[in-house]
Amino acid sequence: MSKASISLIICTKSRCAQLANALRVLNEAELASLAVEILVIDNNSNDATKTVVSDFKTVSKFPVRYLFCEDIGLGNARNIGVQYSESSWIVFTDDDCYVDK
């Protein structure tokens with residue numbers, strides 16, 4: 001049986017500290033039976049969000065893509081995530097949510 005493919009989309013705006021924690025916890029999750037890609041949609045942040053994602057890419061066990069969304073709004077950010085998803089399933093979470101192992 002092939003692995004399920006999932007795009008985990010995290011929309012964020014100027015909350016790089018929360019995002020860093022969410023990504024760290026996500027990297028510790030037991031998702032071996034899933035083919036997961038992480039899409040971080042930066043909704044026009046004015047902090048170190050891009051750097052946080054860049055640093056995370058070096059340690060992530062999943063493929064990670066950073067996408068910038070200039071048009072502010074959660075709906076706009078989610079639409080960018082859906083547009084660039086390459087998976088069968090799309091899952092949304094927030095930059096201040098921590099997945100359970």
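Tutor: Start with Val82, which has its place in helix H3 (residues 74–84). Helices are DSSP runs of H or I with at least four residues, strands are E runs of at least two, and numbering goes from the N terminus. This is a predicted model, with residues numbered from 1 along each chain as its sequence is written. Local features need pLDDT of at least 70, side-chain atom pairs need pLDDT 80 or more, totals for chains, interfaces and linings use all residues, and side-chain values use heavy atoms without hydrogens and water.

Student: Why is Val82 called partly exposed?

Tutor: Its relative accessibility is 40%. Buried means under 20% relative accessible area, exposed over 50%, and partly exposed in between (1.4 Å probe, protein chains only). Val82 at 40% therefore counts as partly exposed.

Student: What makes Val82, Ile90 and Phe92 a patch?

Tutor: Patch residues have over 30% relative accessible area and no salt bridge; like charges are joined within 9 Å, and nonpolar side chains (Val, Leu, Ile, Met, Phe, Trp, Tyr) within 5 Å. Val82, Ile90 and Phe92 form a nonpolar patch on the surface. Their accessible area together is about 220 Å², by the Shrake-Rupley method with a 1.4 Å probe and only the protein chains shown as cover.

Student: How do you know that the charged end of Arg78 sits over the ring of Phe92?

Tutor: The rule asks for NZ of Lys or CZ of Arg within 6 Å of the ring centre and within 35 degrees of the ring normal. Arg78 has its charged end 5.1 Å from the centre of the Phe92 ring. The pair is counted as a charge over a ring.

Student: What makes the Asp95 and Arg15 side chains a salt bridge?

Tutor: A salt bridge needs a side-chain nitrogen of Lys or Arg within 4 Å of a carboxyl oxygen of Asp or Glu. Asp95 and Arg15 meet at 3.0 Å, N to O. The pair links distant parts of the chain, 80 residues apart: Asp95 follows strand E4 (89–94), while Arg15 is in the loop between E1 and H1. Asp95 is buried at 4%; Arg15 is partly exposed at 30%. Arg15, Asp95 and Asp96 are linked in a network of salt bridges. The count comes to five salt bridges.

Student: What makes Glu37 and Arg65 a salt bridge?

Tutor: Their side chains meet at 2.8 Å, N to O. Glu37 lies in strand E2 and Arg65 in strand E3 (residues 64–68), so the pair ties together parts that are 28 residues apart in sequence. Glu37 is buried at 10%, whereas Arg65 is partly exposed at 23%.

Student: Why is Ile41 called buried?

Tutor: Its relative accessible area is 0%. Ile41 lies in strand E2 (residues 34–42). Its C-alpha is separated by 6.5 Å from that of Cys69, 28 residues apart along the chain.

Student: How do you know what span is expected for helix H1?

Tutor: Take 1.5 Å times one less than the number of residues. H1 (residues 16–27) has twelve residues and reaches 16 Å from its first C-alpha to its last, close to the 16 Å expected. Buried residues in H1 include Cys16, Leu19 and Leu23.

Student: What makes the phi of Asn44 worth noting?

Tutor: Phi is near 65 degrees, a positive value in a residue other than glycine. Asn44 lies in the loop between E2 and helix H2 (49–57). Asn44 is partly exposed at 27%.
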